[in-house]
Amino acid sequence: MAEAAFAKTFLSTLDSRPIKLSADHVEDAKSFPPRPPYILPRMPSPMSKPKTLLPGQERSLTVTLRSLRNPPLDLKLTSQPLNTSILDIKTKVAQQTRIPVEKMKILHNKRPLTDSKVLKDVAGAEELRVDFSVMVMGGAAAIQPESREEAPAKASGWDALTTDAFWDDLKGFLQQRLKDEAAAAELGTLFQRSWESSRSGP
């Protein structure tokens, strides 16, 4: 019964008050409950200061490319214009790693990018760096072996006597044995002329 009496008294008190507030009603600020000040959380990375570009100067980006799979890659391309396409990026990577362009896929935030996209479509308005991931189709098997120039075959047999290298080696051997440079040169020349005369004779 006490609860019912309290409810009736409370409702009658509410009925005595106006339903709508007047236009000039002002709430007393002292009646508000105290609240602690709200502090904004710290940003994970400090905001970069905007750079002022000279007239006619275009913003350039630093592009980093990484691949944790086989083959592992960690490349950095600096001063790349905003209109650089993904195909251009692939071509530069292929020049440094010998990976065919058709075997590469460039990913940004785990999403593959088409060759027609440019860096301006990917980077933010104030970003100076873009991070890409590289996926190589076929792994290390896609890397072409480095071409090596074959060394010219050395002359052998009688053909070796027609080269200057043979007679220089002979003079060096004679100098090592005789301990006399002039005598070794004279004897080496004698051997060479004798051999040439024997070849030109009947």
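Predicted model: local features only at pLDDT ≥ 70, side-chain atom pairs only at ≥ 80, totals over all residues.
Residues are numbered from 1 along each chain as its sequence is written, and side-chain values use heavy atoms, with hydrogens and water left out.

**The whole protein**

Show the cartoon and follow the elements from the N terminus, where the order is α-β-β-α-β-β-α-β-α-α, giving five helices and five strands; these are DSSP runs, H or I over at least four residues for helices and E over at least two for strands. With a surface displayed, the accessible area (Shrake-Rupley method, 1.4 Å probe) comes to about 17100 Å², of which 56% belongs to carbon and sulfur atoms. Of the 202 residues, 22% count as buried, a term that stands for under 20% relative accessible area, with exposed over 50% and partly exposed in between.

**Helix α2**

Next, select residues 86-97, which make up helix α2. Its end C-alpha atoms are 16 Å apart, and this agrees with the 16 Å that twelve residues should span at 1.5 Å a residue, the expected span being 1.5 Å times one less than the number of residues. Now show the side chains of Ile86, Ile89, Lys90, Val93, Ala94 and Thr97, which are buried. They cover an arc of only 140° around the axis, which puts them on the same side of α2; the arc is that of the directions from the helix axis to the C-beta atoms. Colour β1 (60-67), β2 (73-81), β3 (104-108) and β5 (129-136) to see what the buried residues of α2 pack against. Just after the helix, stop at Arg98, which takes a positive phi of about 65°.

**The aromatic cluster**

Finally, select Phe166, Trp167 and Trp195, which form one aromatic cluster. Rings of Phe, Tyr and Trp (its six-membered ring) pair if their centres lie within 6.5 Å, and planes under 30 degrees apart count as stacked, over 60 as edge-to-face and the rest as tilted. Trp167 is buried, at 6% relative accessible area. The rings of Trp167 and Trp195 have their centres 6.2 Å apart and their planes at 55°, so this pair is tilted. Because Trp167 lies in helix α4 (residues 164-178) and Trp195 in helix α5 (residues 181-200), the pair ties together parts that are 28 residues apart in sequence. Trp195 counts as buried at 16% relative accessibility, whereas Phe166, at 31%, counts as partly exposed.

Notes
Buried < 20%, exposed > 50% of the residue type's maximum accessible area, 1.4 Å probe, protein only. Contact = heavy atoms within 4.5 Å.
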